[in-house]
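Take a look at the protein chains shown below.

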Amino acid sequence: MQESTNKVFAGLSASEIDEIHAEISHYEDKSAVSIEALKIVQKHRGWVSDECLMAVAELLESSPAQLEGVATFYNLIYRQPVGRTVIHVCNSVTCWMLGAEQVREHLCRHLNVALGEMSQDGEYTVLPIVCLGACDHAPVAMVGDDLKLDLADNAVKQIFGE
Amino acid sequence: MDKMDKPLTQNIKADRPFATLADYLKTGGYEGLSIAIKNLQPKEVQQWVKDAGLRGRGGAGFSTGLKWSLVPMPEANDAGKPQTHYLVVNGDEMEPGTFKDRLLLEKDPHQLIEGIIIAAYAIQAQTAYIFLRGEYRLAAERLTHALEEARAQGYVGGHILDSDFSLQIHLHTSAGRYICGEESALLNALEGKRATPRPKPPFAVVSGLWGKPTVVNNVETLCNVPHILHYGVEWYRSLGRGADKGTKLFGASGRVRRPGLWELPMGTPIREIIEDHAGGMREGYKLRGFLPGGASTDFLLPEHLDVPMEYDAVAKAGSRMGTGTIIVLDDQTCPVQMVLNLEQFFAQESCGWCTPCRDGLPWTVTLLKDIIEGRGRPEDLDTLSRLTRMLGPGNTFCALAPGAMEPLQSALKYFRADFERYIIHDNTLLETG
């Protein structure tokens with residue numbers, strides 16, 4: 001993980017702290033931004049380490065245990081390192097019906113990883129995700145921030161351009 | 001102005017990625033807001049929406065105007081006493097098979113924003129939160145931009161349209177959990193907590209976000225509101241084909257020729273959606289059944305195709321209209337395996353707060369896996385039936401587990417032979433599945 005050079009508060013960078021404070025202004029109390037704060041840290045660092053979790057808890061005047069309860073509740077907060085691009089393959093009903101399992105297998109085989117594992121170059125992690133709300137184009141996956149549609153026959157080509 | 005029949009999607013056009021503020025204004029955008037704020041008292045706006053017959057499009061179908069009217073409004077003698085109310089938009093579309101709100105969010109964000117402002121005015125909320133599922137990145141980008149435009153034009157902020165009404169709108173992007181779609185769990189998530197549901201009563205309209213009166217409305221519900229104000233109650237009521245009023249986004253996914261979404265009058269028969277709009281089944285496949293409104297609705301059969309898509313008619317047929325997005329089961333997909341996929345989803349997404357749901361859903365999954373993998377015993381079907389009652393309405397803390405039981409109980413009823421075939425060890429389906 002990239003080391004922040006401008007540590008100003010409990011291991012968080014100045015920009016992370018600024019972004020968290022901007023969110024705090026939208027809510028009644030500090031603890032309400034716990035999810036946003038974890039997502040901000042994750043945006044900067046790729047995942048949320050124990051050290052970062054404790055720093056966020058300190059900043060929000062909340063307990064690390066309470067924040068950990070929040071962090072582990074939500075599917076999109078990563079408490080382990082992931083690849084620079086996370087590929088979320090939908091495994092819900094319509095995608096399942098139209099070949100999501102094969103899509104996932106092709107992607108994992110192409111990257112030589114198991115589900116949840118980081119590729120050797122640190123580029124990718126493949127994770128399952130529930131319905132992405134694009135069932136009229138099933139099977140689908142989210143690659144980083146981009147939704148990829150109609151992956152039944154050519155998932156590897158559509159995602160990696162190979 | 002034309003009496004248009006597709007108000008929700010009038011600005012969604014194939015030749016542009018989304019409707020900008022200018023596009024939205026061209027078709028009468030923010031006219032409804034102007035009518036509400038300049039001509040009507042908040043209570044009158046509530047009454048209009050109630051009279052229009054708008055019912056919640058998130059699945060439960062509760063009267064929107066009635067919900068708004070349950071918010072305790074300041075009395076004349078309370079003047080000067082500040083009362084905090086919140087409006088929360090439920091944009092946590094995560095019901096498997098459902099893809100309607102995403103279209104509205106991505107393609108016409110101002111329609112939602114106008115609906116939010118009118119709803120907030122009707123309940124006198126000073127702050128609104130849009131609770132958006134974390135995976136809807138494009139929707140978040142377009143909403144953020146549209147909110148900036150709306151603020152710059154004075155539709156959002158202080159003294160909206162030179163009135164005494166002020167409103168701040170904030171976008172909250174979630175981090176992914178199906179239970180966040182449950183109203184009270186959503187409020188916990190907004191408060192930065194684990195999204196476990198809250199006991200009811202008190203209901204959110206009385207004690208919601210930070211203990212203040214809060215209305216939670218679905219995205220599609222709010223998108224109807226500007227048009228009711230702009231074109232009137234009578235016009236809106238004339239749009240429905242049956243008991244329910246207005247239009248709705250209906251969809252179909254699975255092995256149909258043209259999966260998609262269509263804005264149609266409430267009361268459109270299911271047959272028209274599947275056969276005309278979705279083009280019927282793909283070559284070589286036959287219709288075996290369908291979930292009419294997402295993963296948590298009971299299966300219906302081809303014999304139910306003439307049921308109109310409206311709340312009470314679908315309920316009478318033994319299911320729920322839910323989100324109105326149909327998941328089609330074809331004759332070459334094993335219904336038992338389909339139910340396993342659905343129950344795996346619900347077991348994973350259970351928040352774990354109450355025991356029947358936390359333990360009953362994984363038990364359901366284990367039994368279904370045993371059956372599919374050839375370890376099933378005849379009594380397992382009785383156990384599954386018992387589970388549909390034990391996890392049914394009244395036995396769990398919220399509606400997640402009862403919803404999970406709907407496709408299972410109807411599959412046991414309609415596709416019983418498919419379950420039994422596994423138990424007598426006919427594994428032919430396993431090999432093709």
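Pro201(B) sits in the loop between helix H8 (183-190) and strand E4 (214-218) of chain B. Helices (H or I, at least four residues) and strands (E, at least two) are DSSP runs, numbered from the N terminus. This is a predicted model: local features need pLDDT of at least 70, side-chain atom pairs count only at pLDDT 80 or more, and totals for chains, interfaces and linings use all residues. Residues are numbered from 1 along each chain as its sequence is written, while chains are lettered from A and ligands numbered from 1 in the order in which they are written.

Start with the peptide bonds. Most peptide bonds are trans, and most residues other than glycine have a negative phi. The bond between Lys200(B) and Pro201(B) is cis. Chain A has a cis bond from Ala138(A) to Pro139(A). Pro139(A) belongs to the loop between strand E4 (124-129) and strand E5 (141-143) of chain A.

| Cis peptide bond | Omega |
|---|---|
| Lys200(B) to Pro201(B) | about 0° |
| Ala138(A) to Pro139(A) | near -5° |

Now the phi angles. Tyr30(B) is not a glycine, yet its phi is positive, about 65°. Tyr30(B) lies in the loop between helix H1 (21-26) and helix H2 (31-39) of chain B. Trp210(B), also not a glycine, has a positive phi of about 45°. Trp210(B) is in the loop between H8 and E4 of chain B, and Pro201(B) is in that loop too.

Are these two residues buried or exposed? A residue is buried if 20 or more other C-beta atoms lie within 10 Å of its own, exposed if 12 or fewer, and partly exposed in between; C-beta atoms are placed from the backbone. Tyr30(B) has 22 other C-beta atoms within 10 Å, so it is buried. Trp210(B) has 15 C-beta neighbours inside 10 Å, so it counts as partly exposed.

Step back to chain B as a whole. Chain B holds 18 helices and eight strands. Of its 433 residues, 56% count as buried. Its C-alpha atoms fill a box of roughly 75 × 45 × 35 Å along the principal axes. The radius of gyration of chain B is 22 Å, which agrees with the value near 22 Å for a compact globule of 433 residues. That radius is taken over C-alpha atoms, and the globule rule is 2.2 Å times the number of residues to the power 0.38.

Chain A is divided into domain 1 (7-71) and domain 2 (85-160). These bounds come from an automatic or database domain assignment. The C-alpha centres of the two domains lie 29 Å apart.
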